Amino acid sequence: MLLTLRLFLAGIFALAAWGKWRERYALPGVIAGYGMLPAALVPAAAAALPVAEALSALLLPWPATSGAGAALGAGLMAAFALGIGINLARGRRGISCGCGGPEMPISPALLARAVGLGGLLAALAVADAALPSGAALAMAVPQAGALLLLYAVSEQLLANAAGRVAA
Amino acid sequence: MSALGASVALLWVAVIVLGVICLALARQIGVLQARLAPAGALALESGPRVGEAAPLLSLPDLSGAMHAIGAPAARDTLLFFLSPSCPVCKSLLPVVASLAAAEADRVGVLLAGDGVAEAYRALLRARGVAHLPLVLSEELGRRLRIPRLPYAVLVDRAGRIAAQGLVNTREQLESLLTAQEMQTPTVQAYLARTPPAAAA
């Protein structure tokens with residue numbers, strides 16, 4: 001069960017890192033759009049963000065490094081939630097999420113998602129990281145894969161809904 | 001492998017496949033939404049082109065008041081060609097009336113037909129739009145070469161044809177006003193010039 005969640009979250013970070021890497025030329029503009037960092041730090045943040053996400057994805061599945069990966073991921077999610085929350089409070093709903101999935105503006109749903117995933121990661125950071133045995137080990141991969149698919153579907157539907165409102 | 005194990009394995013395969021299908025469908029919905037564009041009225045390649053002067057005519061409506069067509073006016077004129085024997089015309093009449101009310105400051109609506117006045121009066125009364133003026137003129141339809149009904153022609157303040165087309169829906173009727181705002185002969189021409197943004 002815990003392994004399933006770790007694989008699921010690793011998959012989320014892997015997809016997010018891949019998405020940000022594909023959009024790496026747009027990423028500095030997206031980060032600047034949040035208006036949270038001084039302009040001098042934006043290029044460094046844009047370079048570091050996909051690397052940090054990929055690192056979290058790589059660390060999460062293994063017992064020895066799972067805690068560190070979850071802690072790193074929880075920190076990232078806290079930063080995302082802060083960025084989205086502050087900009088929603090500022091009333092700047094038009095800015096791009098830049099989350100790595102389909103293009104969409106920030107929204108309360110994305111804030112809730114970041115908070116939820118961050119809480120899950122924080123719990124995993126302190127949870128028992130030992131690998132299960134037998135069938136539980138074998139089933140963790142398809143379970144995580146199914147969760148990841150549903151996550152991708154929900155992300156696409158969120159983006160669709162945002163597009164419909166904007167149109 | 002036990003029967004139960006095989007069944008569980010098969011179910012996982014089914015769940016993953018269904019998940020992939022759901023994702024593909026959701027993405028396709030996103031693509032379709034990105035490609036949805038205002039539906040333009042179908043313009044047929046006959047009669048005076050957009051930008052040309054409308055025929056200059058002065059015609060009485062059913063109540064006897066005179067309407068000048070093609071002459072400089074304070075508002076644009078939307079000519080809506082209809083016939084009592086055309087079912088789509090009937091269903092569009094309330095839409096025309098609501099458009100006339102909503103855009104009253106920039107567009108005056110003039111219904112146009114050809115035939116028996118009493119049949120038109122009955123049609124307008126039945127659809128609750130008896131307040132809209134209607135001119136009966138075979139010449140107007142002929143000079144504008146109205147190919148099919150319901151057809152709408154937007155004549156601008158200077159007496160030139162601003163937009164025209166076969167209209168079957170509210171969107172198509174409104175597209176004539178949109179086409180005029182966008183300074184393009186038809187919405188189709190505008191869309192052909194700017195292809196919709198590629199979807200994710």
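**A look at the two chains**

Arg145(B) sits in the loop between helix H4 (138–143) and strand S6 (151–155) of chain B; helices (H or I, at least four residues) and strands (E, at least two) are DSSP runs, numbered from the N terminus. This is a predicted model, in which local features need pLDDT of at least 70 and side-chain atom pairs count only at pLDDT 80 or more, while totals for chains, interfaces and linings use all residues. Residues are numbered from 1 along each chain as its sequence is written, chains are lettered from A and ligands numbered from 1 in the order in which they are written, and side-chain values use heavy atoms, with hydrogens and water left out. Although Arg145(B) is not a glycine, its phi is positive, at about 50°. Arg145(B) also counts as exposed, at 54% relative accessibility (buried means under 20% relative accessible area, exposed over 50%, partly exposed in between, with a 1.4 Å probe and protein chains only).

Chain B as a whole has six helices and seven strands, and along the sequence they come in the pattern α-β-β-β-α-β-α-β-α-β-β-α-α. Of its 200 residues, 38% count as buried. Contact means heavy atoms within 4.5 Å, and of the contacts in chain B with a separation of 6 or more, 67% are between residues 24 or more positions apart.

Seven of its seven residues are buried, so S4(B) is largely enclosed by the rest of the structure. Val107(B), Val109(B), Leu111(B) and Gly113(B) point one way from the strand, and Gly108(B), Leu110(B) and Ala112(B) point the other way.

S4(B) has a neighbour in strand S3 (residues 76–81) of chain B: the two run parallel and are joined by six bridges (strands pair if DSSP finds at least two bridges between them). Leu79(B) stands opposite Leu110(B) in S4(B). To get from S3(B) to S4(B), the chain passes through helix H2 (residues 87–102) of chain B, in a right-handed β-α-β crossover. Right-handed here means that, with the strands pointing away from the viewer, the path from the first strand over the helix to the second runs clockwise. Strand S5 (residues 134–136) of chain B also runs parallel to S4(B), with three bridges joining them, and Leu134(B) in S5(B) is the bridge partner of Leu111(B). The chain goes from S4(B) to S5(B) through helix H3 (residues 117–126) of chain B, and this β-α-β crossover is right-handed too.

Now for the helix between S3(B) and S4(B). H2(B) has 16 residues and reaches 24 Å from its first C-alpha to its last, close to the 22 Å expected at 1.5 Å a residue (the expected span is 1.5 Å times one less than the number of residues). H2(B) bends by about 35° at Leu93(B), with a proline, Pro94(B), following within four residues; the bend is the angle between axes fitted to the seven residues ending there and the seven starting there. Among the buried residues of H2(B) are Cys89(B), Leu92(B) and Leu93(B), and its buried residues pack against S3, S4, H3 and helix H5 (170–181) of chain B.

Chain A has six helices and zero strands. Buried residues make up 43% of its 167 residues. The structure holds one disulfide over all chains, a disulfide being a pair of cysteine sulfur atoms within 2.5 Å. That disulfide joins Cys97(A) to Cys99(A), with 1.5 Å from S to S. Cys97(A) counts as buried, at 5% relative accessibility.
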